[in-house]
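Let's take a friendly walk through a protein model. Keep the sequence and the 3D view side by side as you read.

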Amino acid sequence: MSNHSSAYEQPYQGEPAVWLKYGPYEAAVLPGVGANLIAYRDTVKGYNFLREPEQGEMDEFRASPGTHGIPVLFPPNRYEDGTFTWNGRRYSFPINEEATNNHLHGFLHTIVWEVDSYDANEFYSTVCLSVSIDDSHPVYQYWPHQFTVKLQYTLSEDGLQQQVTVRNEGNDPMPMMLAFHTALNAPFAPDSTADDMTFRATYGQRRQMTERMLPTGEFQPLSDWEEQLKAEGANPYGEVMDNHYTAAPQNGRNYAEIIDSRLGEKLVYDVGTGYKHWMIWNSEASGAFLCPEPQTNLVNAPNVDLPDEEKGFFSLKQGEIWEETSRLYLIQK
């Protein structure tokens with residue numbers, strides 16, 4: 001094995017973690033906090049691509065791990081009054097966003113996952129994690145299905161690859177709703193500023209949302225800035241953004257990108273075409289990070305009166321698998 005590739009266990013700010021290294025890259029994943037990929041860095045250039053907790057913030061992060069690293073949302077985003085009915089079954093979730101009386105972000109991003117394996121060779125370093133839900137698991141009361149979700153992260157010369165696999169192991173059809181609340185630093189380089197940033201994403205139309213942040217089923221016009229973001233790109237902090245869009249792949253690719261004009265480098269987040277929707281949130285136009293969130297389904301999908309195909313709302317029968325691959329990588333312009 002070459003000396004520039006490794007996979008090993010070592011704490012991340014006191015939290016058990018599996019680390020991957022390959023060439024200039026390193027990444028860390030936290031099995032005890034929802035299999036959150038908390039760090040992805042270029043150690044040669046000093047880039048931190050993902051928003052990480054500051055020193056001393058780990059307890060806060062563990063309590064609410066939604067806006068650092070890459071949290072797994074299942075089911076993602078908001079569900080009206082914390083409930084929906086599908087296939088003759090009522091699903092009920094705790095109201096964890098009291099301001100809107102909704103359930104937010106599901107339960108996989110806060111629970112413990114298993115580390116199945118990790119490995120490294122001259123071509124890549126990789127880690128596989130999984131969580132299996134059955135009637136003995138606390139999550140079963142909200143999501144009464146037997147299923148397994150697997151996450152594999154791989155570092156190579158092509159950057160960071162994520163593969164997610166969801167398998168229905170129960171007898172009943174299971175709704176399939178998944179997203180990633182990926183928190184990308186913009187800027188990701190230590191000497192760049194928010195003014196150096198250009199953001200672009202392959203979204204289409206913007207969903208109209210109620211005051212409770214639930215889609216009405218209608219679209220609303222894009223602002224000039226939003227039109228620019230999806231065309232040639234614009235500064236990601238031009239307006240406060242917490243918006244829901246259809247995905248509109250271009251040249252067969254569904255992606256978001258952050259361009260550092262000072263460095264002439266571009267971070268590409270290619271999420272795969274299995275994600276039919278985006279939520280894009282720039283943290284009140286913070287100037288520090290933004291979350292381009294790929295989602296399989298429309299927010300609150302089971303409660304919205306639109307065709308399933310348009311909502312990206314589908315199910316898995318017994319034994320069926322859904323999977324998708326995403327990648328975060330750097331292009332030098």
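Let's begin with Q13, which counts as partly exposed because its relative accessibility is 25%. The scale works like this: buried means under 20% relative accessible area, exposed means over 50%, and partly exposed lies in between, using a 1.4 Å probe and protein chains only. Q13 sits in the loop between strand 1 (5-9) and strand 2 (18-22). Helices (H or I, at least four residues) and strands (E, at least two) are DSSP runs, numbered from the N terminus. Although Q13 is not a glycine, its phi is positive, about 45 degrees. Most residues other than glycine have a negative phi, and most peptide bonds are trans.

S283 also has a positive phi, near 55 degrees, without being a glycine. Look for S283 in the loop between strand 24 (277-281) and strand 25 (289-295). S283 is buried, because its relative accessible area is 15%.

## About the model

This is a predicted model, in which local features need pLDDT of at least 70 and side-chain atom pairs count only at pLDDT 80 or more, while totals for chains, interfaces and linings use all residues. Residues are numbered from 1 along each chain as its sequence is written, and side-chain values use heavy atoms, leaving out hydrogens and water.

## Two cis peptide bonds

F74 and P75 are joined by a cis peptide bond, with omega about -10 degrees. P75 lies in the loop between strand 6 (72-73) and strand 7 (78-80).

Another cis bond runs from A186 to P187, where omega is near 15 degrees. P187 belongs to the loop between strand 17 (184-185) and strand 18 (197-201).

## The nonpolar cores

A nonpolar core is a set of buried Ala, Val, Leu, Ile, Met, Phe, Trp, Tyr and Cys residues joined through side-chain atoms within 4.5 Å. Which members of the largest core touch the most other members? They are F74, W113 and W143, in a core of 80 residues. Strand 13 (residues 147-156) gives this core its largest share, five residues. Apart from it lies another core of 10 residues, including A17 and M58.

Beyond its neighbours within four places in sequence, W143 is in contact (heavy atoms within 4.5 Å) with several residues, among them F74, P75, F107 and M177.

## Cysteines

How many disulfides are there, counting pairs of cysteine sulfur atoms within 2.5 Å? The count comes to zero. C128 is buried, with a relative accessible area of 19%, and C291 is buried, with 0%.

Note on methods. A disulfide is a pair of cysteine sulfur atoms within 2.5 Å.
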